[in-house]
Amino acid sequence: MQDKYFNYRLVSILFLLGLLLFAGSCKMGKNQGGKEVGLEDFLSEEDIFDDIDKAKKIFYSLPSPLETALLLKSAGIAYNEQVLNSLDNVDKYSTTKSKALNLGIYTTDLSLASLFDQAQTSLKYMDAIKKLATEMGISDAVDEETLKRLEQNLDNRDVVMDIISETFLNSSSYLKENDQQDVAAIVLVGGWLEGLYIGSWMAGDNPAAGNKLVDRLAEQKLSFSIVERMLQDNKVNKQGNENRDIVELINELHAVKSAFDKIEVQTSAVRVDEADSSQVTVLKSQTKINVTPEAYKELKAAVESLRNNFVQ
Amino acid sequence: MVMKKYLRYILIFAALVMLNLSVHAQCKGFAKKLCKLELTGYTHDGNYHAAILTEGEEAELYKTFYSGQNYRLAICGSEALPAIEYQVVDAYKNVLYDNRQHDMAGTWDFTLESSQQLKIVVKVPVAEQKAEFPNSGCVSIMFGFQEK
């Protein structure tokens with residue numbers, strides 16, 4: 001009798017656990033208590049994050065390491081290997097947070113090296129990424145085939161960019177689908193911050209007024225609000241416990257936030273110019289950027305200090 | 001005999017766990033193998049935004065887009081789902097693009113005169129022919145870019 005009761009309880013528990021797991025997979029990352037609304041209800045007033053709590057599922061997208069590198073290149077930077085995180089540092093990273101941050105940092109460095117056709121450097125940085133990803137349990141991020149394909153196509157920038165994109169997709173999808181959205185967020189912040197660091201290092205201490213690179217750095221204020229939201233969303237894990245790495249990162253970013261607060265970036269409403277013969281729609285608008293030399297110096301110092309702390 | 005029974009329960013549990021893992025793997029595979037093809041001609045940024053959504057559910061994505069680049073937005077839903085609806089909205093709540101006015105197109109190519117933070121609102125509509133249970137499937141949002 002007792003055996004029968006025990007069996008019944010065991011099967012009930014296992015079934016419930018299974019159901020919970022399945023339900024969890026379907027609702028992963030969704031806001032609790034969210035209410036369903038129609039598309040037409042979204043167009044109300046004030047800023048872009050206004051109706052955020054009503055949505056069922058929220059994604060925050062930061063410029064990826066590849067996009068960050070392209071933005072830097074299009075702002076006119078010259079390549080200088082000195083600015084990259086040294087490969088000698090790769091063995092220093094022992095915590096999940098430091099591995100994640102530097103996975104992002106090295107991926108931005110790799111993207112930059114490959115955009116400037118630095119074949120051998122690209123290979124070495126891909127090796128470092130493989131090492132960190134493997135240590136983080138992301139074994140399929142960079143496999144032997146990827147490395148071989150990279151070696152065979154080092155002189156073909158399009159293929160190299162495709163490989164970098166695929167590598168980053170492999171690691172971010174692995175982390176997000178294995179309940180490590182917080183780690184995926186840290187990787188993204190690392191890569192994004194490396195872009196800020198490289199940009200400010202290249203622009204120097206006293207850039208001329210109207211410098212395109214400085215404007216590009218100031219525009220990152222728009223992405224910083226997404227960084228903040230993304231980290232806040234990952235502050236507490238599914239079990240309701242505070243995520244210490246994320247809380248620490250939010251605190252570490254205070255100086256960067258304070259610097260961005262002194263930079264003005266105002267955007268006008270967008271006017272749509274329908275696709276011409278090229279089928280590309282042009283979104284017309286204006287952005288007013290005001291960066292004083294003091295605000296720029298503060299941002300540069302805050303970014304430099306934080307990044308150097310991350311790569312140590 | 002008792003051990004045999006336990007084994008059966010453990011196998012049921014393992015099957016449910018595998019089903020859970022398989023749903024995730026399908027979503028990842030769907031995004032990588034199928035949705036990414038929609039970005040042909042553009043370089044995928046490498047970011048992964050995909051989730052299992054059910055008919056009637058919606059998602060939002062926030063991203064800053066920068067001037068000086070051409071972007072392609074690709075939104076794909078798995079076969080089990082009706083065609084996915086989406087809108088692109090600016091910070092002033094202006095709808096810049098609504099795929100319902102463009103034959104439910106899955107991609108949109110655009111470029112910006114100046115950098116902007118935009119919101120992508122995605123909705124899985126409820127199928128016209130009602131099933132006993134609403135369908136669920138993978139929805140993926142991807143971005144590609146080209147240097148101008």
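Helices α7 and α11 (residues 293–311) of chain A pack at an angle of about 130°, with their axes 9 Å apart; helices here are DSSP runs of H or I with at least four residues, strands are runs of E with at least two, and both are numbered from the N terminus. Axes are lines fitted to C-alpha atoms, for helices over the stretch in contact, and angles run from 0 to 180 degrees between N-to-C directions. The angle makes α7(A) oblique to α11(A), given that angles under 35 degrees count as roughly parallel, over 145 as roughly antiparallel, 65 to 115 as roughly perpendicular and the rest as oblique. The crossing of the pair α7(A) and α11(A) is left-handed, a term applied if the near helix is turned anticlockwise from the far one by less than a right angle, with clockwise giving right-handed. On the α7(A) side, the residues that meet α11(A) are A:G190, A:L193, A:E194, A:L196, A:Y197 and A:S200. Their counterparts in α11(A) are A:L299, A:K300, A:V303, A:E304, A:L306, A:R307 and A:F310, a contact being a pair of residues with C-beta atoms, placed from the backbone, within 7 Å.

The model is predicted; local features need pLDDT of at least 70 and side-chain atom pairs count only at pLDDT 80 or more, while totals for chains, interfaces and linings use all residues. Residues are numbered from 1 along each chain as its sequence is written, with chains lettered from A and ligands numbered from 1 in the order in which they are written.

Chain A contains 11 helices and 5 strands. Of its 312 residues, 40% count as buried, that is, with 20 or more other C-beta atoms within 10 Å of their own C-beta; 12 or fewer defines exposed, and values in between partly exposed, with C-beta atoms placed from the backbone. Among contacts in chain A with a separation of 6 or more, 68% are between residues 24 or more positions apart. In the loop between α5 (144–152) and α6 (157–177) of chain A lies A:N153, which is partly exposed, with 15 other C-beta atoms within 10 Å. Beyond its neighbours within four places in sequence, A:N153 is in contact with A:V159 and A:V160.

The largest nonpolar core has 114 residues, such a core being a set of buried Ala, Val, Leu, Ile, Met, Phe, Trp, Tyr and Cys residues joined through C-beta atoms within 7 Å. Helix α7 (residues 181–203) of chain A gives the most to this core, with 13 residues. The residues with the most contacts inside the core are A:I129, B:I120, B:V122 and B:V139. Apart from neighbours within four places in sequence, B:V122 is in contact with B:E58, B:A59, B:I75, B:I84, B:Y86, B:V139 and B:I141.

An open sheet of 5 strands has the order β1(A)-β3(B)-β8(B)-β5(B)-β6(B), with mixed pairing; strands pair if DSSP finds at least two bridges between them. At the edges stand β1 (57–61) of chain A and β6 (95–98) of chain B, each with a single partner strand, so one side of each is left without a neighbour in the sheet. The twist averages 20° from one strand to the next. Within this sheet, β5 (residues 85–89) and β8 (residues 116–123) of chain B run antiparallel and are joined by 5 bridges. B:Q87 stands opposite B:V121 in β8(B), and B:V88 stands opposite B:I120 in the β8(B) strand. β5(B) also pairs with β6(B) in the antiparallel sense, over 3 bridges, and the bridge partner of B:V89 in β6(B) is B:V95. The hairpin of β5(B) and β6(B) has 5 residues between the strands, and B:K93 there takes a positive phi near 70°. Because 4 of the 5 residues of β5(B) are buried, this strand is largely enclosed by the rest of the structure.

β7(B) runs parallel to strand β4 (residues 281–284) of chain A, with 3 bridges between them, and B:L112 is the bridge partner of A:L283. Strand β4 (residues 69–77) of chain B runs antiparallel to β7(B) and is joined to it by 5 bridges, with B:D109 as the bridge partner of B:R72.

How values were computed: Two residues are in contact if their C-beta atoms, placed from the backbone, lie within 7 Å.
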